[in-house]
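Here is a short report for a first look at this structure. Please keep the sequence and the 3D view at hand.

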Amino acid sequence: MIYYLGDYLMGSFGPARLLQSYGVLAILVLYVGFFLSRFIIPKLYKYLPSDRGREFTLTKEAAKGKPTGSGVVFISLFVILCVLFIPLDFLQAGILILTWLMMLTGFLDDRSDGGWGEYLKAFLDLVVTVAAAVLMAYCLSKNSADGKLYFWIPFISKFIAVPFWLYVVITVIMLWVSVNTTNCTDGVDGLSSSLVLIGLFTMAILFYAVLGHKDISAYLLVPHIADGASWALMTFCLSGVLMGYLWHNAFPSSVLMGDAGSRALGFYIGVCVMISGNPFLFLATSSIIFINGGVGLLKVALKRFFHICIFENVRFPLHDHMRKNRGWSPTQVLVKFFMIQLMITVALLGIFFKIR
């Protein structure tokens, strides 16, 4: 809306052309998102559900009673600001709706008295992720020059054609893993949101400066995404509202994002990775999230369904192991995990983009 307003006002007021600059819009959505989220979330504490405390976590008692589910606030702000500031196409509008729906499933779980069962949440995850996968496969193939879907992967310079059905399957798995590992990582004040911020800023910069830039993408032998700048704006917007939440979630937290926030954030990160065309970028954006939460999910699944025990002496999520068995404080967990993820991100981006 504001993008088109700039076009309308440009004839009578020259500086209005800045409203059509993606660089200017990126700054605007980041800062507006931050300040709105920063000031609105505390005003709504009394309307948010109270945390019940997660089972089997060290922070259960500390979290109990705090307002939770604030993801409903910053994810809703994210959607509204994207509509106001960014020229959206059909795919991006659909992803915004599905991100909000993923948030809604988490929020309804946050506010329920006993919490929803695992199988109900798994079914809802399946519905939203399949819808997103089909939507992405359809739109990306339609916009492709030859109507095909392609991946680019590390160490291979050529693009790899992927059948429609296989793209959908891989995307559903990617989104499910991203949603649930991010959700599992939300157990130490500021940890999940800080790690997600690394992923969001990484993807925003890649969309804007690499994948969305015709010459740079050609030089690096990666696909050019024509609307990469719009994806970058959406990602900067989500980064801004997330930082506004993190302002209040920093240790010791006064509010929690709940499943409403963590599930939507994981979903959006997974979408960004698949839009980039390289599923392995998930390792660059979310390695620590995957190790911290994903290995625990694998451990539980193997034990429950196959009676196979792995990592018996390691507590998961891994942040609980580091606190109980290694004696790390919440701040140490946050800072050390954050630094490790930064180093992994820099190293993998160098490998993925230069060794091709």
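The report covers the salt bridges, then a surface patch. The model is predicted.

**Salt bridges**

Side chains of opposite charge can pair when their charged atoms come close. In this model the count comes to two salt bridges. The table lists them.

| Salt bridge | Closest N and O atoms |
|---|---|
| Aspartate 109 with lysine 121 | 3.4 Å apart |
| Arginine 263 with aspartate 125 | 2.2 Å apart |

Take the pair of aspartate 109 and lysine 121. Aspartate 109 sits in helix 5, residues 90-111. Lysine 121 belongs to helix 6, residues 118-143. Is aspartate 109 buried or exposed? Aspartate 109 is buried, because its relative accessible area is 3%, and buried means under 20%.

Now take the pair of arginine 263 and aspartate 125.

**A nonpolar patch**

Which residues form a nonpolar patch on the surface? They are Val335, Phe338, Met339, Ile340, Leu342 and Met343. Together they have about 510 Å² of accessible area.

Phenylalanine 338 is one of the patch residues. Its place is in helix 14, residues 330-354. Phenylalanine 338 counts as partly exposed, because its relative accessibility is 30%. Partly exposed covers the range between buried, under 20%, and exposed, over 50%.

Technical notes:
Residues are numbered from 1 along each chain as its sequence is written. This is a predicted model: local features need pLDDT of at least 70, side-chain atom pairs count only at pLDDT 80 or more; totals for chains, interfaces and linings use all residues. Side-chain values use heavy atoms; hydrogens and water are left out. Patches are made of residues with over 30% relative accessible area and no salt bridge: like charges are joined within 9 Å, nonpolar side chains (Val, Leu, Ile, Met, Phe, Trp, Tyr) within 5 Å. Accessible areas come from the Shrake-Rupley method with a 1.4 Å probe; for residues, only the protein chains shown count as cover. A salt bridge is a side-chain nitrogen of Lys or Arg within 4 Å of a carboxyl oxygen of Asp or Glu. Helices (H or I, at least four residues) and strands (E, at least two) are DSSP runs, numbered from the N terminus. Buried means under 20% relative accessible area, exposed over 50%, partly exposed in between (1.4 Å probe, protein chains only).
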